[in-house]
Number of protein chains: 2
Amino acid sequence: MLSRRLFARCLSSRRVFSTLNPVTDSDVTHFTRILSPSSVLSTLSPVSTPHDELDIYNTDWMGKYRGKSTTVLKPKTTEEVSEIVKWCHDKRIPIVPQGGNTGLVGGSVPLKDEVILSLANMSNVRSFDPVSGILVADAGCILQSLTDYVAPYDHIMPLDLGAKGSCQIGGNVSTNAGGLRLLRYGSLHGSVLGLEVVLPNGTILDQLTSLRKDNTGYDLKQLFIGAEGTLGVITGVSILTAPAPQASNNVILALPTFDNVVPLFKTVKRQLSEILSAFEFIDRTAYNLAVKHGQGRALSDEDVEGAECFILVETSGGRREHDEEKLADLLEHLLEADKPLINTGVLAQNPAQFSSLWALREGVTEAVSKEGKAYKYDISVPAATFKQVVDTTRDHLRSKGLLNEDAVKHVLGYGHVGDGNLHLNIVAKAYTPEIQAALEPFVYEIVASHRGSVSAEHGIGAMKTHALPYSKTEVSIALMRKIKELFDPRGIMNPGKVLE
Amino acid sequence: MLSRRLFARCLSSRRVFSTLNPVTDSDVTHFTRILSPSSVLSTLSPVSTPHDELDIYNTDWMGKYRGKSTTVLKPKTTEEVSEIVKWCHDKRIPIVPQGGNTGLVGGSVPLKDEVILSLANMSNVRSFDPVSGILVADAGCILQSLTDYVAPYDHIMPLDLGAKGSCQIGGNVSTNAGGLRLLRYGSLHGSVLGLEVVLPNGTILDQLTSLRKDNTGYDLKQLFIGAEGTLGVITGVSILTAPAPQASNNVILALPTFDNVVPLFKTVKRQLSEILSAFEFIDRTAYNLAVKHGQGRALSDEDVEGAECFILVETSGGRREHDEEKLADLLEHLLEADKPLINTGVLAQNPAQFSSLWALREGVTEAVSKEGKAYKYDISVPAATFKQVVDTTRDHLRSKGLLNEDAVKHVLGYGHVGDGNLHLNIVAKAYTPEIQAALEPFVYEIVASHRGSVSAEHGIGAMKTHALPYSKTEVSIALMRKIKELFDPRGIMNPGKVLE
């Protein structure tokens, strides 16, 4: 069954490319005419770049996806992007738009020999209005650079990710990146106000409005948010930044039982109200791994002993003394309750402790990769089911005889309670077909049973096209295909991604 | 020129309807078979409802738009909506979806004799999760009912409008309603999490997910937000409600000059940070009219005398004493500055005063309608240009000899500074073709010169289809047409609205 499915996938991938053409020497010659010399990398003549110089473009950062593109183009202006796309459209040459190449689902590397259109050379801020907080920037601007750009104006970007030092805003929008600030500032569908997009025929769609409100017809830009470059190339982004909070604080709480997570979330939401900016779940296994691999130790052994899981709460507000008072009152309320929801809690007393508490949460990823090979599932399910999903997966692996030191070592969960987003990690000694077969479609079926999402924030890319039906109905997928066909009838934009 | 344009509009309206059919007796017979008797109102046989019973459906609340529909259908389930739409699709009968019929641009009444599909009988809450705050409701639920429904759970709807007592959530989503809470809770593109839509061929598109995060392909639901029923009938809405603030307060500030509005906004944003929930602008003319027509008087005559305009600031936060301290500090800072941005300010001391300050701002609309006939423009322009836009319009009318007691009596502005949304009102003795011709396209050209929006929050409807090119490029409008064609190739859904 699996091999039949794989065969079908190979076939559909072949079909996608059957009407498309590879780049030729004459195409490269054309690109050298319309772009400056430093903007064209190609192993083909007349440029003849050494193959290894294209490796970083052909491979994703995890080393999991690898393409065979001969040609990387790095235009400097929207007009250059338009010229490239027009040419590729006429010649039916497939294109992969590429930002910082930090995605987790293989969306930004070629499946075969597509042209890689890198936005790295488009990295100028076009405008910033400190009154409204609206920033307009080239798609290739790195998220951290934008964060630094607005900081002197007392503003912050409405999103923050681990990859902020290399991911680009255009890529963030294309994958509809979620990240650590979603609970507070909402999704990019709300904060992106306008886009400039080069459509698959080379036409420039200018919807780069810097208006907070514009109710004039269909909100087309929304289609490109999360389309992973399959409907066009985002070249410019208008985004609403937020006033920077004046004070941030955090606390880690140890819970005797997972059952307390949801009641705790309700209590914390009510008491901290508008200053609550994160409510992160870490199960015992994840915590232990983080400590084992030196990602910090927030609590004493005794406190940890009786705990089934942990919650990291962050506040961000306008006045430190008010925020501290709210947080202290919350802790007092929690600890002095008749039936306390928590065993104990540690409040950050200074910036160093604040960072070390976050390090514990953010260090889980690194700890997992130090411990073994990880199967990572980024799913949306109701917060109340987080433990059940982890336990069911573990039990299933045990029933298959796969839960032991030579196969799966740990099954763990952590994630964003406020967003209903669970990161389910299965840590194995090695990647094996048996474990893969035990996990899929098993995990996706659990997700579907909760009407959840098989991809909460990572996107579909090349990795999850086959899993789409677990989260989207046939009617939805058929409509998505029609939209793709409407925008890109020749199928040149990032072929084989999102839709099989 | 104007008459040629009008002629072209009549022609295009005729063309829209040329392939569509009116409802016949046999259609009505069919509808009586698939719906319960109380769900079919029709002047045709075999139902034979008296004509005047259809008036409230055929006419908008302002009495400005009037259709000639013979038939109103009020289905009770999504399946019934689907059956109706399938039938109309097969028979090429045009449909106007209708919610509370409170729109301002004629989007919810027929242009001719379309079937009116009222959602009024679909008014059940389907689910509410007090942990995540996610509410799933039938499209016909009245906004106020939903506000009341979530109140006991300490949550509020993310939008609030003057029409809340009769507008429906499906209509709110269809027009992408903005309203009074947008500054704080963002637009519906961010807070609507899922939709159930009956497509123009009768197929049910179920994207009624109740997930905060779902990155699985194109976000199709976004297209229906603000499509004003031209792409399908919204039958269900999943929306993120917000934790209710524990305390609200407000203050009205008198400014010596408009030039201080923007610096004041920056100061207030910085000092009130996350508790700022409204920053409303009222110019001197608007204030005077509100006072004249008994909409409250917040300030003494002396304070008003030196003021060019007024700002209403609202806070909503989690703890009253913290919020009051922040607001008191702000006022002290403002009044004790070397060059004060304000002349004076009045802080609400109790709930009655809180309401009366809001009454002043909200009463402008009523005062305007008491004073004369109002030409209303709901536009997005940079906040710094609000006064200039009002003054330029007034000067233009004066230069045309139209600024006098027998023509235009007042030109005034008020609106949401934080959203860059100006309500420009021209109060005349009567509606006349001369005034209309002096205002349009003049006002739209001003908007276009600022790259603004000709409709910040009211939508396009039947009223502004001709003004669309002032805010959208040809490429955008062409793509909108293709989307319309893709979803509704027969053109039966709300014909003549949004797109000419």
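Biologist: How many salt bridges does the rule find across the interface of chain A and chain B?

Modeller: In this predicted model, the rule finds twelve across that interface.

Biologist: What makes the pair A:Arg319 and B:Glu325 a salt bridge?

Modeller: The rule asks for a side-chain nitrogen of Lys or Arg within 4 Å of a carboxyl oxygen of Asp or Glu. Between A:Arg319 and B:Glu325 the closest N and O atoms are 3.4 Å apart. That distance is within 4 Å, so the pair qualifies as a salt bridge.

Biologist: How many residue pairs are in polar contact between chain A and chain B?

Modeller: The count is 47 residue pairs, with both residues at pLDDT 80 or more. Several elements of chain A each supply at least two residues to the side that touches chain B, among them α7 (182-185), β9 (204-207), α10 (261-272), α13 (320-335) and α18 (474-487). Of these, α18(A) gives the most, with nine residues. By type, the residues on that side of chain A divide into 29 nonpolar, 34 polar and 21 charged.

Biologist: How is the size of an interface often given?

Modeller: It is often given as the accessible area lost when the parts come together. For chain A and chain B the buried area is about 7100 Å², and carbon and sulfur atoms give 57% of that. A:Lys213, A:Asn215 and A:Tyr218 supply 15% of the area that chain A buries against chain B, more than any other three residues. Counted by residues, the contact takes 84 from chain A and 84 from chain B.

Biologist: What relation superposes chain A on chain B?

Modeller: A rotation of 180° does it, with 0.0 Å of shift along the axis and an RMSD of 0.0 Å. This is why the relation is called a two-fold axis. The same surface serves both copies, and 100% of the contact residues of chain A recur in chain B.

Biologist: Which residue of chain A comes closest to the rotation axis?

Modeller: A:Gly190 does, with its C-alpha at 2.0 Å.

Biologist: Is A:Leu327 buried or exposed, and how do you know?

Modeller: Buried means under 20% relative accessible area. A:Leu327 has 1%, so A:Leu327 is buried. A:Leu327 is placed in helix α13 of chain A. Leaving out residues up to four places away in sequence, A:Leu327 touches A:Asn249, A:Val251, A:Leu272, A:Thr315 and A:Leu347.

Biologist: Why is A:Arg92 called partly exposed?

Modeller: The term covers values between 20% and 50% relative accessible area. A:Arg92 has 33%, which means that A:Arg92 falls in that range. In chain B, B:Arg92 is likewise partly exposed, with 33%.

Biologist: What is the phi of A:Arg92, and where does A:Arg92 lie?

Modeller: The phi of A:Arg92 is positive, about 55°, although A:Arg92 is not a glycine. A:Arg92 lies in the loop between α4 (78-91) and β3 (95-98) of chain A. B:Arg92 also has a positive phi of about 55° and lies in the loop between α4 (78-91) and β3 (95-98) of chain B.

Biologist: What kind of peptide bond joins A:Ser45 and A:Pro46?

Modeller: A cis bond, with omega about 10°. A:Pro46 lies in the loop between β1 (40-42) and α3 (55-58) of chain A. The bond from A:Glu440 to A:Pro441 is also cis, with omega near 10°. A:Pro441 lies in the loop between α16 (433-439) and α17 (442-449) of chain A.

Terms used:
Residues are numbered from 1 along each chain as its sequence is written. Chains are lettered from A and ligands numbered from 1 in the order in which they are written. This is a predicted model: local features need pLDDT of at least 70, side-chain atom pairs count only at pLDDT 80 or more; totals for chains, interfaces and linings use all residues. Side-chain values use heavy atoms; hydrogens and water are left out. Contact means heavy atoms within 4.5 Å. Buried area is the accessible area (1.4 Å probe) that two parts lose on being put together, summed over both. A polar contact is a pair of N or O atoms within 3.5 Å; within protein, one must be able to donate a hydrogen and the other to accept it, and residues adjacent in sequence count only if both atoms are side-chain atoms. Helices (H or I, at least four residues) and strands (E, at least two) are DSSP runs, numbered from the N terminus. Ala, Val, Leu, Ile, Met, Phe, Trp, Tyr, Cys and Pro count as nonpolar, Asp, Glu, Lys and Arg as charged, and the others, Gly among them, as polar. Copies are superposed by least squares on the C-alpha atoms of residues with pLDDT of at least 70 in both. Buried means under 20% relative accessible area, exposed over 50%, partly exposed in between (1.4 Å probe, protein chains only).
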